[in-house]
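The following note sets out some points on the model under review.

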Amino acid sequence: MGKLQRGLIVSCQAAEGEPLYGCQVMHLFARCAVAGGAVGIRALADEIPAIRNEVDVPVIGLTKRHSPDSEVYITPNMADVKRLIELNCDAIAIDATARRRVGGETLEQLVAYARKLSPETALVADIDTYNNAVRALQLGFDYISTTLRGYTAETKDAVTPDVDFIRSVSLPLKGKLIVEGGIWEPAQLEQVLRYDPYAVVIGSSITRPMLITERFNRVLTLSDSEVRSA
């Protein structure tokens with residue numbers, strides 16, 4: 001298995017409701033990302049086999065499973081962990097927040113299960129708060145990632161990339177920090193890099209053309225509205 005290198009990891013995912021969802025084209029985005037210098041890919045389980053055939057860089061695998069009984073949706077249970085290990089992921093991303101999981105499984109159990117099945121597979125803790133970052137490192141995660149900052153009830157008011165939060169977890173903690181979330185502009189990336197993260201994940205601004213188009217169109221619509229009201 002390949003080890004995650006320092007640098008840029010590109011998240012190649014399409015969300016439900018977007019035109020590319022279910023089209024099995026993320027391997028092409030992965031090829032473009034690696035050609036542009038990405039050192040790793042973050043991807044959903046269904047896309048991983050095709051991505052593996054397309055590029056030769058480490059892959060962080062995850063599942064997304066929504067449930068009415070829990071807010072946890074990123075690799076929520078042991079069955080998902082097993083599936084990702086069988087796909088030969090180099091690393092597995094797991095929701096490492098303090099929220100209750102479906103079926104009563106605990107984060108401790110998921111980590112122990114993953115280590116038992118595949119000790120060499122790295123584990124990435126998708127966290128939202130400093131306390132959950134500390135807990136993830138205590139449980140033995142190899143990396144902590146700011147993926148869920150702004151996506152939990154406790155952090156819903158956070159604006160990403162949350163540079164103050166990145167600073168708070170990068171300085172005192174000894175784990176390898178991956179920064180993910182809200183990076184749309186090079187200037188934002190420059191701010192993040194001041195705190196020397198191990199790696200940075202960028203997704204929407206590279207691989208989600210509908211959202212990219214919407215961002216530009218909002219500016220155009222606002223500008224047109226201002227001209228008309230002048």
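1. Pro161 sits in the loop that joins strand E6 (143–145) to helix H6 (163–170); helices (H or I, at least four residues) and strands (E, at least two) are DSSP runs, numbered from the N terminus. The peptide bond leading from Thr160 into Pro161 is cis, and its omega is near -5 degrees.

2. This is a predicted model, in which local features need pLDDT of at least 70 and side-chain atom pairs count only at pLDDT 80 or more, while totals for chains, interfaces and linings use all residues. Residues are numbered from 1 along each chain as its sequence is written, and side-chain values use heavy atoms, with hydrogens and water left out.

3. Thr160 and Pro161 also line the largest cavity, together with Thr146, Arg149, Asp162, Ile166, Val179, Glu180 and Gly181. On a 1 Å grid over the protein atoms alone, a cavity is a set of points where a 1.4 Å probe fits but cannot get out, whereas a pocket is an open set with protein on both sides within 12 Å along at least five of seven lines; lining residues have an atom within 4 Å of a point. The largest cavity holds about 40 Å³ of space. Its lining has three nonpolar, three polar and three charged residues, where Ala, Val, Leu, Ile, Met, Phe, Trp, Tyr, Cys and Pro count as nonpolar, Asp, Glu, Lys and Arg as charged, and the others, Gly among them, as polar.

4. The largest pocket contains about 1000 Å³ of space, a volume being the space filled by probe spheres set on the points, with grid points joined across faces, edges and corners. Its lining comprises 42 residues, and those nearest its centre are Ser11, Gln13, Ala15, Lys64 and Arg208. Two or more lining residues come from each of strand E1 (7–12), strand E2 (40–44), helix H3 (78–86), strand E8 (199–202) and helix H8 (204–207). H8 gives the most, with three residues. By class, the lining of this pocket has 16 nonpolar, 15 polar and eleven charged residues.

5. Gln24 lies in the loop between E1 and helix H1 (26–35). Its phi is near 55 degrees, a positive value in a residue other than glycine.

6. On the contact (heavy atoms within 4.5 Å) of H3 with H4, the residues involved have seven nonpolar, one polar and one charged members.
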